[in-house]
Amino acid sequence: MTTPATDAQVVFVGYNAAYLRAIDGSVPDRSVVVIEEPDIIRKRELQDAAARFDCLDRIVPASYQQSAEALDLVAELTAARPVAAVVPGLEYAVPATAALAEKLGLPGATETAAQALRDKVRLREASGAGGVRNPRWREVHGPADILEFAGDGPVVVKPANRQASVGVQLLDSVDAKGAAQAWERTSSAAEYEQVPDRQLAWRFLAEERLQGPEYSVEALVQGGEIIFENITAKTVISGRYPVELGHLLPAPLGQDTQHAFETAMRALVAALGFETGILHAEWILTESGPTLVECAGRCPGDYLIDLIDLAYGTRIRLTLIALLAGRPITLPRSARQTSAIRFLAAEPGTVTEVTGVNTAQELPGIQLAEVDVEAGQEVRPWASSWDRAGHVIATGPDANTTRQRVLDADAAIRIATE
């Protein structure tokens, strides 16, 4: 695998500090340009972000969320030096990234695939037409639609084009009052720092609530062919909001089940017409086989890339840049160990004390123990991924060992609230 040439630049659509931190020092200094929404630059105080990373040259303000304005930057971006690759830094940047790559003649997802990946209505239509198993679903425009779709059965209500489980709700049953409450909670879901202030268009779905264990498949795709894939076992909290509690990879699966996921992923890639890049597809393993929950066309969050790198000995973020630059890459066929993450929870309230972090860090196989809250801060009930209080990461020789290690580290940390 190679890094960008010193006379070329890599363009990221969307500012992702974790990605920049991971590649800093491994790509040439000042070889990265980030396109970001002006409102987000202001909200996240990114005006001086170029000073935080040696690899970052500058942040260019431009609208890209549900906007084609970023395409107008082509002349400016290529005036000084060529663009080697265009990388999606964030979920909301996937369509603009694909459009910009196409305009520059570089490898990418394709605009059609990217639009489907950012809108679950389009994703359901395209994947279903391609033979991918989907739950029963319909687009909804208000409480009456939810009530009509649900009948007496359990249902999932969610935005079609948001991220990070924002607005997603699992309902055991629905009456008129429940449908109205679900619609209000889903349609009013907000992400202050993640979206610009201008009005954006949101769509919403009601879906059959599937039963079965949850998995995700992370895949690198080149020219429509999967060249690397990993299956992750997911743990999700119970209750109305299906926020992810932990991940374990590679998932301990039998050969037949693993083959079923691989077949489903290839069908999904073909159905979307996805060309080159990374996919993070979420599935529920039902009695009928893997059934698609959703799919993203960017690096997954929840530290999944870090878990893959630990398990396989890869550097996926650098590999993705090389892939999107059209360079040859080499990837392992199997993992050398297992890895897992567990997200930390606490009783809602004001944090009074955090203890046990050093104890957790010293346990066997623990790679990281990190708490994101401190005394005086508020802990909220989990309604999305943004509400979690920290995480621990572990590695081990097999799934059972690694799972126990991450649970032991979780148990060692106490976040007291009142």
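Trainee: In this predicted model, which residue in β17 stands opposite Thr 350?
Mentor: Strand β15 (residues 349-355) and β17 run antiparallel and are joined by two bridges. Across this pairing, the residue in β17 that stands opposite Thr 350 is Glu 378.

Trainee: How many of the residues of strand β2 (residues 32-36) are buried?
Mentor: Side chains in a regular strand alternate between the two faces of the sheet. In β2, Val 32, Val 34 and Glu 36 point one way while Val 33 and Ile 35 point the other way, and all of them are buried. Strand β2 is therefore largely enclosed by the rest of the structure, the number of its buried residues being five of the five.

Trainee: In which sense does β2 pair with β1 and with β3?
Mentor: Strand β1 (residues 9-13) is paired with β2 over four bridges, and Val 10 has Val 32 as its bridge partner in β2. With strand β3 (residues 56-61), β2 pairs over five bridges, and here Val 33 stands opposite Arg 58. The sense of the β1 pairing is parallel, and that of the β3 pairing is likewise parallel.

Trainee: Are the β-α-β units that include β2 right-handed or left-handed?
Mentor: One unit is made of β1, helix α1 (residues 17-23) and β2. Another is made of β2, helix α2 (residues 38-43) and β3. The hand of the unit with α1 is right-handed, and that of the unit with α2 is also right-handed.

Trainee: Within what arc do the buried residues of helix α7 (residues 143-150) fall?
Mentor: The buried residues of this helix are Asp 145, Ile 146, Phe 149 and Ala 150. Seen down the axis of α7, these residues line one face of the helix, because they fall within an arc of 120 degrees.

Trainee: Which exposed residues are on the face of α7 turned away from its buried side?
Mentor: The buried residues of α7 are covered by parts that include β5 (137-140), β6 (155-159), α8 (176-187) and β8 (204-208). On the face turned away from that buried side, the exposed residues are Ala 144 and Glu 148.

Trainee: How far is the sulfur of Cys 299 from the closest cysteine sulfur?
Mentor: A disulfide would need the two sulfur atoms to lie within 2.5 Å, and by this rule the count is zero disulfides. Cys 295 is buried at a relative accessible area of 6%, and Cys 299 is buried at 13%. The closest cysteine sulfur to that of Cys 299 is in Cys 295, and the separation is too far for a bond, at 13 Å.

Trainee: How many residues apart in sequence are the parts tied together by the aromatic pair of Tyr 92 and Trp 202?
Mentor: The structure holds five aromatic pairs, and among them Tyr 92 and Trp 202 form a tilted one, with 6.0 Å centre to centre and 50 degrees between the planes. Tyr 92 lies in the loop between β4 (83-88) and α4 (94-104), and Trp 202 in the loop between α8 and β8, so the parts that the pair ties together are apart in sequence by 110 residues.

Trainee: What is the geometry class of the aromatic pair of Phe 228 and Tyr 312?
Mentor: Phe 228 lies in strand β10 (residues 225-236) and Tyr 312 in helix α10 (residues 304-312), so this pair ties together parts that are 84 residues apart in sequence. Phe 228 is buried at 6% relative accessibility, as is Tyr 312 at 9%. The ring centres are 5.1 Å apart and the planes are 75 degrees apart, and since an angle over 60 degrees sets the class, the pair is edge-to-face.

Terms used
Residues numbered from 1 in each chain as written. Predicted model: local features only at pLDDT ≥ 70, side-chain atom pairs only at ≥ 80, totals over all residues. Heavy atoms only, no water. Buried < 20%, exposed > 50% of the residue type's maximum accessible area, 1.4 Å probe, protein only. Pairing = 2+ DSSP bridges. Right-handed = clockwise from strand over helix to strand, strands pointing away. Arc of directions from axis to C-beta. Contact = heavy atoms within 4.5 Å. Phe/Tyr/Trp six-rings, centres within 6.5 Å; stacked < 30°, edge-to-face > 60°.
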